[in-house]
Amino acid sequence: MIKVENEWYKNAEPICDSKLDKYLVVVLDLESDYGAGGTDCLDKADHVIKFLKDKVVEFTVFCEGNILKSRHSTIELIEAAGGDMQLHCNDHLIGNDDVGEFKKGLNEYIKYFNRVPDGYRAGQFKMKDELFKAIKDAGIKWDSSLLPVFNSKIYNTPLVFKDGFIEFPASVWSGLRYPVGMSYCSVVGPALFNLLIKKAKTMSYLNFTIHMHDLIPSQSLQNASFARRLAHRWNYRFGVRDPFDFFVKIINDYLDIGFTPISLNRLYSILTT
């Protein structure tokens, strides 16, 4: 599932840590539950949205094209809570975020917001050369599709291209190359997370991804992939009985060690002015 493809990121340079000020980027990938087509999590998400509004205040949302088409009331609630709405893949069920699918999602975004998005995230972090060219040609200014797990040459920091385009990688624990996102925190559980978070004290940029299905039970689990169902059973068996409470703890822990929540769009503005 996690894959770095082709050469698209090779000419970018890491941004100096001195330009970063312990930023916490909470990213909500707004998509169908478990990528399986259902959206019943979104009908039960009021408490999650309220927490994001009250505690995080400012966060980034990558919205799937199909959600832009069908869940207008949810989008309005999340925007009102401080969510900066950007574009995700068009449909996780397709499983192939190619240029054609990107254009479908882009059309839905423009139809809803009457503008081109500033940022993009490819489905399952699978950015490809031709897709990267397409998002830049569309006028998108930045991206967050890189999950630096397998390639040791990738920096755990934003990357800037010569033309000013910026890549904001999803974060991994320093030295371990293990993602910090909510799905992965749930797998390791609270006890190990308490050890891992010590590594965050030296980080100046932390890009933390959540999905509604990470935090809310969904009937769509029965239609999810075997790997997702196995991870869910593991999480429940080894201590994460209430994932929303665990999420609240994680955010509070980050804030307690000095992180400041910020949207990727505002971070882009800071880094380019």
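Q124 sits in the loop that runs between β5 (119–120) and α5 (129–137) of this predicted model. Its phi is near 55°, a positive value in a residue other than glycine. Most residues other than glycine have a negative phi. With a relative accessible area of 26%, Q124 is partly exposed, because that value falls between the 20% limit for buried and the 50% limit for exposed.

R177 is another residue other than glycine with a positive phi, here near 60°. The loop that holds R177 lies between β9 (172–173) and β10 (178–179). R177 has a relative accessible area of 27% and is therefore partly exposed.

Of its 273 residues, 56% count as buried. Among contacts between residues at least 6 apart in sequence, 77% join residues at least 24 apart.

Two packed helices are described by the angle between their axes and the distance between the axes. For helix α6 (residues 182–200) and α9, the axes come within 11 Å and cross at roughly 25°. Since angles under 35 degrees count as roughly parallel, α6 is roughly parallel to α9. The crossing of α6 past α9 is left-handed. On the α6 side, the contact is made by M182, C185, S186, G189, P190, F193, N194, I197 and A200. The α9 side consists of P243, F246, F247, K249, I250, D253 and Y254. Sorted by class, the contact of α6 with α9 has 11 nonpolar, three polar and two charged residues.

Helix α1 (residues 46–56) also packs against α9. The axes of α1 and α9 come within 12 Å, with a crossing angle of roughly 10°. These two helices are therefore roughly parallel to each other. From α1, the residues in contact are H47, V48, F51, L52, K55 and V56. They meet F244, F247, V248, I251, N252 and L255 of α9. The contact of α1 with α9 divides into nine nonpolar residues, two polar and one charged.

The largest nonpolar core has 66 residues, and Y120, F208, F247 and Y254 touch the most other members. The element that gives the most to this core is α9, with seven residues. Another core, of 15 residues, lies apart from it and includes I15, F62, I166 and I262.

Past the end of α9, the loop between α9 and β12 (260–261) contains G258. Is G258 buried, partly exposed or exposed? Its relative accessibility is 39%, so G258 counts as partly exposed. The C-alpha atoms of G258 and K201 are separated by 8.2 Å, although the two residues are 57 residues apart along the chain.

Definitions and conventions:
Residues numbered from 1 in each chain as written. Predicted model: local features only at pLDDT ≥ 70, side-chain atom pairs only at ≥ 80, totals over all residues. Heavy atoms only, no water. Axes fitted to C-alpha atoms, helices over the stretch in contact; angles between N-to-C directions. Helix = DSSP H or I, 4+ residues; strand = E, 2+ residues; numbered from the N terminus. Parallel < 35°, antiparallel > 145°, perpendicular 65-115°, else oblique. Left-handed = near helix turned anticlockwise from the far one by under 90°. Contact = heavy atoms within 4.5 Å. Nonpolar A, V, L, I, M, F, W, Y, C, P; charged D, E, K, R; others polar. Core = buried A, V, L, I, M, F, W, Y, C linked by side-chain atoms within 4.5 Å. Buried < 20%, exposed > 50% of the residue type's maximum accessible area, 1.4 Å probe, protein only.
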